[in-house]
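Welcome, and please take a look at the model below.

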Amino acid sequence: MDAKLNLAMIGCGDVAGAYMESAKNSARCRFIAAMDVNRAMADRRAAEYGIEVADSFDAVLADTRIDALVISVPHYLHAPMTIKALQAGKHVMCDKPIATTVADADRMMAVAAETGRKLSVNYPMRH
């Protein structure tokens, strides 16, 4: 039985490389797909890590092999994309900030609770 969590990278800018590099040698997870509205960026990440490119966000959500998404897109997209992913049965690790409004953050947490999916926010503390 394969115990690794299958991830999709949503948004393939600079920060995506750090996420993907961290998972590269993990015994617990692996990226299997990358998606970006800029196809060239997704193609570059996919080639760099030997993974697939998803044609759209909806294609990622429909892919039953994908357990969780790392969402690293412009802040105003965090809430709508996270909510849609949770409702599609995916777990989500969202880049900071969680959302652009408290109401959106509250809704994201409520949908995670309603769907029984995990939602986390990457917020590294630095001193």
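A polar contact here is a pair of N or O atoms within 3.5 Å, where within protein one must be able to donate a hydrogen and the other to accept it. Please keep in mind that this is a predicted model. With that cut-off in hand, we can start at the N-terminal end of α2, which N38 caps: one of its side-chain oxygens lies 3.1 Å from the backbone nitrogen of A40.

- Helix α2 spans residues 39–49, and its buried residues are A42, R45, A46 and Y49.
- Just after α2 comes G50, with a positive phi of about 65 degrees.

**The sheet**

- Six strands form an open sheet with parallel pairing, in the order β3-β2-β1-β4-β5-β6.
- β3 and β6 (119–122) are at the edges with a single partner strand each, so one side of each has no neighbour in the sheet.
- Strand β5 (residues 91–95) runs parallel to β6 and is joined to it by four bridges.
- D95 has N122 in β6 as its bridge partner.

**A helix on the sheet**

- Helix α4 (residues 78–87) packs on the sheet, where it touches β1 (5–10), β4 (68–71), β5 and β6.
- The direction of α4 makes about 170 degrees with that of β5.

Definitions and conventions. Residues numbered from 1 in each chain as written. Predicted model: local features only at pLDDT ≥ 70, side-chain atom pairs only at ≥ 80, totals over all residues. Heavy atoms only, no water. Buried < 20%, exposed > 50% of the residue type's maximum accessible area, 1.4 Å probe, protein only. Helix = DSSP H or I, 4+ residues; strand = E, 2+ residues; numbered from the N terminus. Pairing = 2+ DSSP bridges. Contact = heavy atoms within 4.5 Å. Axes fitted to C-alpha atoms, helices over the stretch in contact; angles between N-to-C directions.
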